[in-house]
Amino acid sequence: LALMDALMHGVWERADTSSPAARREASGLVAAHLQWHLERQLRSLPLVERRAPS
């Protein structure tokens, strides 16, 4: 929840310090929320690379 709050409010420093597990979970929740609001699946979503920048 802390990561979702940081993302919603643009507190990028706090979001950057989140754990990889929290980021994966938040990513899934954001994707599900977006698709629910759009009332359709996003075909390109699986193509988005979900890894931390190097």
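Colleague: Which residue does Asp 5 form a salt bridge with, and how far apart are the closest N and O atoms?

Modeller: Asp 5 pairs with Arg 14, and the closest N and O atoms are 2.8 Å apart. Bear in mind that this is a predicted model.

Colleague: How many salt bridges does the structure hold?

Modeller: One.

Colleague: And Asp 5, is that buried, exposed or partly exposed?

Modeller: Partly exposed, because its relative accessibility is 30%. Arg 14 also counts as partly exposed, at 38%. The cut-offs behind that are under 20% for buried and over 50% for exposed.

Colleague: What share of the chain is buried?

Modeller: Of the 54 residues, 13% are buried. The accessible surface of the chain is about 4,900 Å², and carbon and sulfur atoms account for 61% of that.

Colleague: Let's talk about H3. Where does H3 run, and what should its residues span?

Modeller: Helix H3 covers residues 20-38, which is 19 residues.

Colleague: Which residues of H3 are buried?

Modeller: Ala 26, Ala 31 and Gln 35. Looking down the axis of H3, the buried residues fall within an arc of 160°, so they line one face of the helix.

Colleague: Why would residues a few places apart point the same way?

Modeller: An α-helix has 3.6 residues a turn, so residues three or four places apart end up pointing the same way.

Colleague: What covers the buried residues of H3?

Modeller: The cover includes helix H1, residues 2-9.

Colleague: And which exposed residues sit on the face of H3 turned away from the buried side?

Modeller: That face carries Glu 25 and Trp 36, both exposed.

Colleague: Is Glu 39 buried or exposed?

Modeller: Exposed, because its relative accessibility is 72%, and the cut-off for exposed is over 50%.

Conventions
Residues numbered from 1 in each chain as written. Predicted model: local features only at pLDDT ≥ 70, side-chain atom pairs only at ≥ 80, totals over all residues. Heavy atoms only, no water. Helix = DSSP H or I, 4+ residues; strand = E, 2+ residues; numbered from the N terminus. Expected span 1.5 Å × (residues − 1). Buried < 20%, exposed > 50% of the residue type's maximum accessible area, 1.4 Å probe, protein only. Arc of directions from axis to C-beta. Contact = heavy atoms within 4.5 Å. Areas by Shrake-Rupley, 256 points an atom, 1.4 Å probe, with all protein chains shown as cover. Salt bridge = Lys/Arg side-chain N within 4 Å of Asp/Glu carboxyl O.
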